[in-house]
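Biologist: Could you walk me through this one slowly? I am new to reading structures.

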Amino acid sequence: MLCDKYREFGKWIIYQIYPRSFMDANGDGIGDLQGIISRLDHIRELGCNAVWLCPCFKSPNEDNGYDIADYRDIMDEFGTMEDMDELIEALHSRGMKLILDLVPNHTSTDHRWFRESRKGRDNPYSDYYYWYDEIPNDWKSCFGGSAWQYDEQRGQYYLHSFAVGQADLNWENPAVVKEMQDIVDFWAAKGCDGFRVDVIDCISKNFETGENGLGPRLHEYIRALFGRREAAHLFTVGEGHTNDPEDFVLHCAAERGELSTLFIFDHMECGRKDKFTPKADSLASLRDYLVKWQGISADNDLLYSLFTDNHDQPQMISRIGNDRGLRYESATDIAMMVYLLKGVPFIYQGQEIGMPASYTSSIADFDDVECLGVYREMDKSLSEEEKLEKVNFGSRDNVRHPMAWDGSANNGFTGDAVKPWLAPHARGAEVNLAADLASDRSVFRFYRDLLALRSAEDAFTDGDFEVISKPEDPYFVFTRTLGGESWAVVCNFEEDQEIRLPFECESPRLSNLGRGEIEGKYMPYECAAAKLISF
Ligand code: GLC
Ligand code: CA
């Protein structure tokens with residue numbers, strides 16, 4: 001049984017916003033907080049009751065805000081602290097929660113702490129970062145190249161697990177821990193209801209074993225952040241990089257006072273060999289991961305995070321669905337497979353209109369620091385075309401193009417005369433909210449009905465999960481059961497199928513192609529949910 005606190009969080013439905021790309025209110029081509037405020041009713045209408053904002057703090061934007069220069073101030077392009085206060089108020093008055101992105105592993109090299117630290121070895125900030133006379137190991141930056149950078153001013157090397165401008169904080173220093181606690185408390189006092197915690201498992205280093213992350217003091221540090229009385233009410237989701245169930249328990253078991261939940265990235269394997277290399281795949285692989293983690297979460301009373309896309313992970317429908325001829329069917333089928341499961345749903349901006357992956361024909365069009373680093377280091381034997389194909393496939397820009405609100409030149413994200421910070425999505429003229437709503441096959445309306453069903457029936461939030469289909473079946477059937485009530489969910493994969501069930505159901509409450517009966521012949525990617533009559 002989930003504890004009461006986790007059961008409550010399981011009723012949250014979280015909409016993730018990439019502020020730079022969501023909505024531009026002042027016409028400078030960059031999304032902003034006023035833009036977000038102007039679209040809150042879209043999010044509420046969809047059925048979400050919480051918003052997670054990617055970082056919106058002062059930053060030189062080497063990694064679009066994940067390089068923070070001041071944790072207590074708003075990025076100039078996004079607005080002011082008054083705008084943030086207004087956003088918090090606008091959310092709370094709609095009964096919605098705010099989740100901010102906390103980046104505890106590193107700061108921008110523009111942060112005051114780093115500017116002080118690099119001045120010398122005997123000021124109060126000297127030990128806020130990792131400094132070495134000689135490069136101590138062969139750690140690589142996740143964005144390419146060495147993780148060690150020489151700093152002329154201090155005459156030493158510092159650690160950057162990500163971009164050169166993202167210096168890793170030294171958590172061994174108690175002053176750093178205190179700074180982060182104060183930042184959590186500062187935002188909680190302002191009304192923030194929770195945090196998504198960036199690369200949480202990197203904050204404790206493992207110099208002995210040579211692993212950059214999952215170090216010996218990790219859990220002590222997480223408890224220092226969130227195990228305190230001041231933070232006990234907060235929802236926290238960690239970005240982890242472990243697929244080990246044991247780690248999930250250590251991070252999230254309720255009595256440990258660490259995190260409410262963790263993003264598990266196991267199913268990101270679906271449809272790709274690695275981040276930049278596709279592989280032919282079926283919805284069956286997604287089903288298998290989901291079934292596995294429903295089991296692990298239930299066995300250990302853990303709150304699981306339900307997601308397919310985010311600002312780092314290009315669209316699942318383009319990896320394992322058919323995002324051309326059967327885009328509506330793929331988008332809605334995958335949504336039903338994922339969002340009627342047990343856990344807390346996260347929906348990334350654009351998913352609700354079935355936004356597929358984008359593409360471009362020149363490396364000069366990319367912004368993502370990760371894909372540019374990977375591109376530079378690609379095998380020299382690859383042709384320019386092959387390299388571009390990989391970058392198009394894996395680039396985080398896929399999920400960072402301006403949100404497509406309508407079919408105008410800049411998709412209603414900003415005025416048509418303005419040049420948005422990143423080019424409009426390659427398929428924005430075809431796939432956008434206005435076109436979706438005008439269609440009789442609206443992904444948005446399906447998502448809205450799906451989330452409404454989830455919110456109306458406690459069986460979907462609190463009920464037990466049971467898989468009914470067999471592992472070899474080319475479809476997914478499961479039930480969710482609470483007390484005397486049970487629901488069946490049927491999601492077909494790529495081929496037509498005749499699907500029979502071992503129980504009787506009412507006619508479907510929701511389906512993507514308007515089914516009258518839960519049993520019978522299913523079209524590719526067809527799905528339906530119905531209440532059981534007897535079981
Ligand atoms: C996380 C973020 C990603 C960022 C990185 C460094 O993985 O999700 O966007 O680039 O951390 O902060
Ligand atoms: Ca703007």
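Modeller: Let us begin with a term: a polar contact is a pair of N or O atoms within 3.5 Å. Please keep in mind that this is a predicted model.

Biologist: Okay, how far is an oxygen atom of ligand 1 from an N or O atom in the side chain of Asp312?

Modeller: That distance is 2.4 Å, so with the cut-off of 3.5 Å the pair counts as a polar contact. Asp63 also has a polar side-chain atom 2.5 Å from an oxygen atom of ligand 1, and for His311 the corresponding distance is 2.8 Å.

Biologist: And how much of ligand 1 does the protein bury?

Modeller: Ligand 1 taken alone exposes 310 Å², and the protein buries 96% of that. As for its place, ligand 1 sits in the largest pocket.

Biologist: What kinds of residues make up the shell around ligand 1?

Modeller: The shell holds 7 charged, 4 nonpolar and 3 polar residues. Of these 14 residues, the ones that come nearest are Asp63, Asp198, Glu239, His311 and Asp312.

Biologist: Switching topic, which residues are the protein donors of the calcium ion, ligand 2?

Modeller: They are Asp24, Asn26, Asp28, Ile30 and Asp32, with Ile30 giving its O atom, and they lie 2.2 to 2.3 Å from the ion. Along the sequence, the donor residues follow the spacing D-x1-N-x1-D-x1-I-x1-D.

Biologist: Is Asp32 buried or exposed?

Modeller: Asp32 counts as buried because its relative accessibility is 4%, and the limit for buried is under 20%. Asp28, with a relative accessible area of 35%, is partly exposed.

Definitions and conventions: Residues numbered from 1 in each chain as written. Chains lettered and ligands numbered in written order. Predicted model: local features only at pLDDT ≥ 70, side-chain atom pairs only at ≥ 80, totals over all residues. Heavy atoms only, no water. Donors = N, O, S within 2.8 Å, 3.2 Å for Na, K, Ca; no water. Buried < 20%, exposed > 50% of the residue type's maximum accessible area, 1.4 Å probe, protein only. Near = heavy atom within 4 Å. Polar contact = N/O pair within 3.5 Å; in protein donor to acceptor, adjacent residues only side chain to side chain. Areas by Shrake-Rupley, 256 points an atom, 1.4 Å probe, with all protein chains shown as cover. 1 Å grid on protein atoms, 1.4 Å probe; cavity = no way out; pocket = protein on both sides within 12 Å on 5 of 7 lines; lining within 4 Å. Sits in = over half its atoms within 2 Å of the grid points. Nonpolar A, V, L, I, M, F, W, Y, C, P; charged D, E, K, R; others polar.
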